[in-house]
Amino acid sequence: MSLNPDNAGRVLIVEDDLALQKQIKWSLDRYDCATAADREAAILQFRRVQPSVVTMDLGLPPDPDSVSEGFRLLEQLLDLDPHAKVIVLTGQNDQANALRAVALGAYDFLAKPFDPEVLGLTIERAMRLAELQAENRRLQALQQPDALAGLMTRDPEMLRISRMVERVATSGATVLLLGESGTGKEVLAQGLHQASRRSGRFVAINCAAIPETLLESELFGYEKGAFTGAAKTTPGKIETANGGTLMLDEIGDLPAALQAKLLRFLQERKIERLGGRQEIAVDVRVVGATHQNLQTLIADGRFREDLYYRLAEIEVKIPPLRTRQGDAVLLAHAFLRRFAQEQRRGALVFSEDALQAIDAHPWPGNVRELLNVVKRASIMADGTRVTAPDMGLQAPAREGAAASTEFDLRAAREAAERQTVIAALARTNNNIVKASELLGVSRPTLYDLMHRLAIK
């Protein structure tokens with residue numbers, strides 16, 4: 001991959017000797033160069049131009065005879081962008097500080113006086129590496145891990161949660177999923193199980209859906225003759241999930257007596273069936289889930305605090321659909337495609353008013369509500385286009401944007417760009433060509449925007 005001189009990367013030159021600064025800039029005339037003479041100016045320029053490569057002297061004002069200001073700048077630059085390539089310019093007899101800079105994350109160093117051609121080649125090599133690494137990160141971002149297989153999202157918080165789930169999957173930690181009903185807790189629990197590579201089954205039980213009198217036998221199983229109707233020995237859900245993952249949904253509704261028994265199991269990893277006297281060792285990963293506020297239940301004496309801490313070794317809070325930018329439209333496209341295939345209706349598409357209504361609706365029932373609305377619409381739609389009335393929704397009236405209190409223009413611009421790109425990708429069902437047309441940019445520009453804004 002070679003650099004195009006007309007579209008070369010940006011270089012920031014940090015040098016307090018203005019004559020040398022001018023010389024370096026002149027030798028790098030094929031690049032878009034910005035300059036700075038001290039640390040504060042360098043940080044401002046770095047934020048403004050977002051260079052791929054930085055050349056910097058370690059001796060900077062207010063104490064150019066010391067390297068402390070230079071090392072402070074190096075650390076700040078790499079904090080702002082860990083992928084930036086920083087080339088340190090040092091004195092002839094200053095190899096120790098040069099090596100220290102490389103150890104801190106600098107890309108390379110050159111001793112003064114340096115050969116302009118060598119500097120140019122070093123920068124070109126750094127540019128090529130930066131391009132390759134950026135492309136590699138973009139390609140890796142397009143490949144979602146196993147934990148994401150059943151989860152469609154572009155929301156940064158949901159992507160962060162998915163990565164967290166993937167990281168803890170191979171550990172034996174008990175996970176507690178917190179979130180409103182319908183946010184996708186079971187999908188995440190299944191993803192956790194798949195990523196764990198556990199050989200057993202994924203078993204889910206809803207603690208609120210089973211009568212209290214039956215819940216204990218459902219969880220722990222029973223021996224033949226343990227009670228009237230117990231005609232044969234039957235293992236419970238915990239035993240059935242041996243070697244796999246057990247999801248206890250709506251754990252906040254677990255009766256007090258069973259909370260104590262579940263706590264004992266989590267501590268000892270052994271169970272006794274109803275009517276049995278033998279302890280049975282069980283190797284199972286437990287995932288708890290609830291839409292309730294467990295801290296409130298604990299304060300009210302309705303949930304054991306010690307059980308909470310056993311369940312919440314890893315606690316994951318799942319955001320509601322209404323706060324996940326672009327996800328409602330993205331999921332709606334996927335659901336409509338699935339239901340159209342199931343009902344053999346051919347290609348169904350959303351009208352513009354339907355997309356606007358989906359985007360604006362608060363979805364109090366979250367993904368479950370969206371699924372039901374799209375399924376109904378796929379049945380009720382007369383032709384191939386699903387409209388807002390088909391979904392029982394109204395297209396929103398446009399309102400003015402709320403005033404922002406964000407005074408960092410670059411951050412505000414990036415946030416606005418990110419929100420717009422995500423919305424365009426969701427609106428066009430991830431079609432890059434259509435999204436670029438909607439945004440009024442070329443496909444390469446959209447790819448660049450997606451990479452810069454870390455949109456996967």
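1. Start with strands S3 (residues 53-57) and S4 (residues 85-90): they run parallel and are joined by five bridges. Thr-55 has Ile-87 as its bridge partner in S4. Helices and strands here are DSSP runs numbered from the N terminus (H or I, at least four residues, for helices; E, at least two, for strands), and two strands count as paired if DSSP finds at least two bridges between them.

2. A word on the model before going on: it is predicted, with local features needing pLDDT of at least 70 and side-chain atom pairs counting only at pLDDT 80 or more, while totals for chains, interfaces and linings use all residues. Residue numbers start from 1 along each chain as its sequence is written, and side-chain values use heavy atoms, leaving out hydrogens and water.

3. Back to S3 and S4, which sit in an open, parallel sheet of five strands ordered S2-S1-S3-S4-S5. Its edge strands, S2 (32-36) and S5 (108-111), each pair on one side only. From one strand to the next, the twist averages 20 degrees. Helix H2 (residues 39-49) packs on this sheet, touching S1 (10-14), S2 and S3, and its direction makes about 155 degrees with that of S2. Contact means heavy atoms within 4.5 Å; axes are lines fitted to C-alpha atoms, for helices over the stretch in contact, with angles from 0 to 180 degrees between N-to-C directions.

4. Now the other five-stranded sheet: open, with parallel pairing, in the order S7-S8-S11-S6-S12. S7 and S12 (314-317) are the edge strands, each pairing on one side only. Four bridges join S6 to S11 (residues 285-290), and Leu-178 stands opposite Thr-290 in S11. Helix H6 (residues 156-169) packs on the sheet, touching S6, S11 and S12; the directions of H6 and S12 make about 160 degrees.

5. What about the largest nonpolar core? It holds 32 residues, and Leu-219, Ile-238, Leu-248, Ile-251, Phe-265 and Phe-303 touch the most other members. Such a core is a set of buried Ala, Val, Leu, Ile, Met, Phe, Trp, Tyr and Cys residues joined through side-chain atoms within 4.5 Å. H10 gives the largest share, five residues. Leaving out residues up to four places away in sequence, Ile-251 touches Leu-176, Cys-207, Leu-262, Ala-289, Thr-290, Phe-303 and Leu-311.

Note on methods
Buried < 20%, exposed > 50% of the residue type's maximum accessible area, 1.4 Å probe, protein only.
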